[in-house]
Amino acid sequence: MSKNKGSFACSIDLELGWGIWDRINSSSLKKISDLERPICNNLLNIFEENNLPVTWAIVAALLDNKNKMISNNNADQNAWYAPDIVNKILTSKTKHLIASHSYSHREFQNISKEETIEDFEKSIFFFNLINEKPDVLIFPRNQVFHLNILKQFGFNTYRSVDKNWYRKVYDYNKYFGKISNLIDKVLPLKSYPIEPKIDNYGLLEIPSSVLLIGRNGIRQIVSNYSMFKKIKNGIDLAIKNKECFHIWFHPSNFYYKPKSQFDLLKKIINYVNLKKEQDLIEIKLLNEFN
Ligand SMILES: [Zn+2]
């Protein structure tokens, strides 16, 4: 792990309906079908314009035209099958990284080792169809489990949870965790750079610094001013400590107030690129920390 300078990384979980497969309803399905593609196009354009490569963690069932959601429910396949989006990522002028977000986004905390193995095998099969062999895993719902079998499926690296303080509260109590998450975003408190480290299984664990939260419901009270200030401080601290600032989100975090969300993202990218021009920071994909 080079520590010559600070770094910036961005990871995006691409899941469409799979992210909420166990609590899906018709209005969320409609939102996914209507909004996910234009948002991904917009993101890819912004990354291209700013020459910013990012890590896309993809639910492999999006590449499976016979996946159970299409076959069982006769559902709108736009929400469950998206090789078109994956193809746009792969053919973008900016060289992004494809990571795995599992085959079907089941909660690893609640499935057995055998079920996890089956999930990995299926995901590898479908990634293989697009000539990808992801070595980075982003766990569904950030449930870091079954670490002991990652290596045998070619994974060397995984994303773990926000380093922020609210996570500690969340582990203790989900309800208070959500409130602390919000307080954490509303107040321009510090956000922390992270340092990847080798875990007990010889895997590289990369925590995240901050989630670019969506702007629905009560979260609207979080201003772009406080989010940007917090993120800018985190980037500055990453430069100072020669660590990494790692932001993550889903395209669905842009469903509400998209203009304002895209403005915020562009502002963050402009700041990162300014620091890059000053030779103070480098942009990293999640497989570039070794
Ligand atoms: Zn997910």
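How many helices and strands are there in the chain? This predicted model has 8 helices and 10 strands. The legends below take a few places in turn.

**Figure 1. The whole chain, as a starting point.** The chain has 290 residues, and 39% of them count as buried. Take the contacts between residues at least 6 apart in sequence. Of these, 78% join residues at least 24 apart.

Figure 2. Strand β2 covers residues 55–58. To get from β1 to β2, the chain passes through helix α1, residues 26–49. This β-α-β crossover is right-handed. Strand β3, residues 97–100, is also joined to β2 by 4 bridges. Again, the two strands run parallel. In this pair, Ile 58 stands opposite Ser 100 in β3.

**Figure 3. The side chains of strand β2 point two ways.** In a regular strand the side chains alternate between the two faces of the sheet. Follow the residues along β2. Thr 55 and Ala 57 point one way. Trp 56 and Ile 58 point the other way. Are these four residues buried or exposed? All are buried.

**Figure 4. Trp 56 in the largest nonpolar core.** In soluble globular proteins, nonpolar side chains tend to be buried together. In this model, the largest nonpolar core has 67 residues. Which members touch the most other members? They are Ile 12, Trp 56, Ile 58, Ala 60, Leu 62 and Ala 99. Helix α1 gives the most to this core, with 6 residues. Now look at Trp 56. Leaving out residues up to four places away in sequence, Trp 56 touches Ile 12, Leu 14, Ile 89, His 96, Leu 97, Ile 98 and Ala 99.

**Figure 5. Helices α1 and α3 come together.** Helix α3 covers residues 83–90. The axes of α1 and α3 come within 11 Å and cross at roughly 5 degrees. Angles under 35 degrees count as roughly parallel, so α1 is roughly parallel to α3. Which residues make the contact? From α1 come Arg 37, Cys 40, Asn 41 and Leu 44. From α3 come Ile 85, Lys 88 and Ile 89.

**Figure 6. Ile 149 sits in a loop and touches residues elsewhere in the chain.** The loop lies between β4 (136–138) and β5 (157–162). Ile 149 is partly exposed, because 13 other C-beta atoms lie within 10 Å. What does Ile 149 touch, not counting residues up to four places away in sequence? The partners are Lys 113, Thr 116 and Ile 117. Compare Ile 149 with Phe 120. The two are 29 residues apart in sequence, and 9.7 Å apart in space from C-alpha to C-alpha.

Figure 7. Most residues other than glycine have a negative phi. Phi of Asn 131 is near 60 degrees. Asn 131 is in the loop between α4 (113–129) and β4. Asn 131 counts as exposed because 8 C-beta neighbours lie inside 10 Å. Phi of Arg 141 is near 50 degrees. Arg 141 lies in the loop between β4 and β5. Arg 141 counts as partly exposed because 13 C-beta neighbours lie inside 10 Å.

Technical notes. Residues are numbered from 1 along each chain as its sequence is written. This is a predicted model: local features need pLDDT of at least 70, side-chain atom pairs count only at pLDDT 80 or more; totals for chains, interfaces and linings use all residues. A residue is buried if 20 or more other C-beta atoms lie within 10 Å of its own, exposed if 12 or fewer, and partly exposed in between; C-beta atoms are placed from the backbone. A crossover is right-handed if, with the strands pointing away from the viewer, the path from the first strand over the helix to the second runs clockwise. Two strands pair if DSSP finds at least two bridges between them. A nonpolar core is a set of buried Ala, Val, Leu, Ile, Met, Phe, Trp, Tyr and Cys residues joined through C-beta atoms within 7 Å. Two residues are in contact if their C-beta atoms, placed from the backbone, lie within 7 Å. Axes are lines fitted to C-alpha atoms, for helices over the stretch in contact, and angles run from 0 to 180 degrees between N-to-C directions. Angles under 35 degrees count as roughly parallel, over 145 as roughly antiparallel, 65 to 115 as roughly perpendicular and the rest as oblique.
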